[in-house]
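Have the sequence and the model open side by side for this one.

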Amino acid sequence: MEENKRIIPKRIAQTVINSLKGGVVPRIGLPYIAVGRKSEIEALLHDVEIISEGGASFRFIVGRYGSGKSFLIQTIRNYVMDKGFIVADADLSPERRLQGTHGQGLATYRELIGNLSTKTKPEGGALTLVLDRWINTVQSETMQESGLSPDDPALAAAVDRKIYAVTSAVSELVHGFEFARLLSLYYRAYSEGNDETKMKVVRWFRAEYATKREAKEELGVNIIITDDDWYDYLKLFALFFRLAGYAGMMIMIDELVNIYKIPNSITRQYNYEKMLTMYNDTLQGKARYLGIIMGATPQAVDDRRRGVYSYEALRSRLAEGKFSKEGARDLLAPVIRLEPLTAEEMLVLCEKLADMHAGLYGYERKIGVDELSAFIKLEYGRIGADQNITPREVIRDFIELMDLMYQNPKMNMAELLQSDDFTYTKSEAVSDETGEDFAEFTI
């Protein structure tokens with residue numbers, strides 16, 4: 001245990017502590033603070049196996065703000081990258097939707113492609129790296145299989161055949177012919193050292209060409225990615241990535257509440273129709289090596305007037321059966337509803353954070369299990385905590401306490417917890433646009 005405390009790099013500890021204090025999920029260091037969610041993670045990892053064998057999956061992760069929804073998504077993101085997947089993630093917003101009259105769907109596609117991540121490039125922007133790696137791998141495999149030297153003219157022809165085999169497999173899908181042609185263009189430009197053409201192809205893959213005419217003039221292809229068909233290209237990428245040596249592709253789209261918030265009912269329905277297309281594709285075998293995870297609040301899913309369930313075709317497919325209930329959820333169903341973390345799990349998490357905080361700032365941890373238990377007991381003993389408290393709020397309170405104690409060595413947790421300054425106030429039905437009530441915690 002002591003050894004584990006010492007080996008957490010300070011850069012990672014700093015990122016984790018600062019992110020959690022700011023109320024956001026860190027993109028690195030999650031294994032150091034992961035607690036609970038074992039059943040949910042196991043269910044999602046079962047999907048990963050199916051995807052890597054040529055299948056597809058679609059899951060909704062549903063939880064209140066601060067309940068650990070984004071944390072779970074990030075945990076799966078890190079896991080699948082370690083397993084050789086390419087991950088693309090995006091948060092929806094008023095400017096990014098699944099469908100829109102002003103290119104909002106295309107904006108989501110651009111965000112996903114811009115955030116393409118691999119184990120060796122987890123911060124995103126991996127498209128060029130993946131394309132170059134693919135060509136390098138094909139060349140290396142061809143030399144090993146044929147025994148040809150790099151300067152042998154026959155090597156180029158052998159590589160061409162391998163490249164053609166990949167592009168032919170891709171060309172059989174919808175829009176696959178143009179996609180394959182652009183892959184071939186990229187390969188030619190790579191072989192000739194033509195960086196300008198390489199960048200033009202990458203621009204096309206990123207949907208940065210505004211008109212077909214511009215794409216035709218620069219690349220000789222009379223088609224561009226549009227707001228209506230961007231999802232088809234993600235399916236093409238998933239197959240290509242597999243052929244390029246990766247295990248598959250995982251797409252993660254969070255903040256589905258931004259579709260719920262769309263004021264125009266027809267626009268909302270178009271977005272849910274696109275969602276239905278994606279869902280049906282994964283279940284009917286029209287997508288391969290592709291996983292899709294979407295994060296949403298309960299209101300954004302359940303509301304029959306504006307939520308996902310307002311679209312009957314989705315509600316009939318996604319609604320829970322008669323036997324699922326709190327404490328006994330079917331985690332193999334398309335919708336995974338997050339149960340609150342228990343007080344015991346939060347105690348373990350706070351202990352991990354106390355160790356990390358002490359290691360980051362170089363002091364001997366003073367907070368014992370009894371003091372941690374008192375803190376958790378106080379947090380969970382507040383009026384309405386069973387309905388309103390979330391991990392995010394508890395964590396932010398706890399990190400603030402640790403910061404105060406570090407900066408004021410004469411303070412101790414017992415004094416802080418017993419002081420009149422440590423108070424809990426419940427707002428007067430503070431609601432956001434989703435209609436959910438929130439509790440405010442102040443120190």
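This is a predicted model: local features need pLDDT of at least 70, side-chain atom pairs count only at pLDDT 80 or more; totals for chains, interfaces and linings use all residues.

What follows is a short tour, starting with the overall build and ending with single residues.

Residues are numbered from 1 along each chain as its sequence is written, and side-chain values use heavy atoms, with hydrogens and water left out.

The protein has 20 helices and seven strands; these are DSSP runs numbered from the N terminus, with helices being H or I of at least four residues and strands being E of at least two. Out of 443 residues, 50% count as buried. Buried here is under 20% relative accessible area, exposed is over 50%, and partly exposed is in between, using a 1.4 Å probe on protein chains only. Taking contacts with a separation of 6 or more, 69% are between residues 24 or more positions apart, where contact means heavy atoms within 4.5 Å.

## Strands and their partners

Strand 1 (residues 56-62) is largely enclosed by the rest of the structure, because seven of its seven residues are buried. In a regular strand the side chains alternate between the two faces of the sheet. Here Ala56, Phe58, Phe60 and Val62 point one way, Ser57, Arg59 and Ile61 point the other, and all are buried. Two strands pair if DSSP finds at least two bridges between them. Strand 1 runs parallel to strand 4, with seven bridges joining them, and Ser57 sits opposite Gly291 of strand 4. Strand 1 also runs parallel to strand 5 (residues 335-337), this time through three bridges, with Ile61 opposite Ile336.

Strand 2 (85-91) has a parallel partner in strand 3 (248-254), and seven bridges join the two. Ile86 stands opposite Met249 of strand 3. Strand 2 is mostly covered too, with six of its seven residues buried.

## The largest pocket

Rolling a probe the size of a water molecule over the atoms shows where empty space is left. The search uses a 1 Å grid over the protein atoms alone: a cavity is a set of points where a 1.4 Å probe fits but cannot get out, a pocket is an open set with protein on both sides within 12 Å along at least five of seven lines, and lining residues have an atom within 4 Å of a point. Grid points are joined across faces, edges and corners, and a volume is the space filled by probe spheres set on the points.

The largest pocket holds about 690 Å³ of space. It has 36 lining residues, and the closest to its centre are Val24, Val25, Ser70, Phe71 and Arg392. Helix 4 (69-82), strand 2, strand 3 and helix 19 (391-407) each supply at least two lining residues, with helix 4 giving the largest share at six. By type, the lining divides into 17 nonpolar, seven polar and twelve charged residues; Ala, Val, Leu, Ile, Met, Phe, Trp, Tyr, Cys and Pro count as nonpolar, Asp, Glu, Lys and Arg as charged, and the others, Gly among them, as polar.

## The one cavity

Searching the whole structure turns up one cavity of 30 Å³ or more. Its lining consists of Ala34, Val35, Gly36, Arg37, Ile41, Phe71, Leu72 and Thr75. Helix 4 again gives the largest share of a lining, with three residues here.

Just after helix 16, Gly362 takes a positive phi of about 70 degrees.

Most residues other than glycine have a negative phi. Ala207 has a positive phi near 65 degrees; it lies in the loop between helix 9 (195-205) and helix 10 (212-219) and is buried at 1% relative accessible area. Tyr289 also has a positive phi, near 55 degrees, in the loop between helix 13 (265-284) and strand 4 (290-296), and is buried at 11%.
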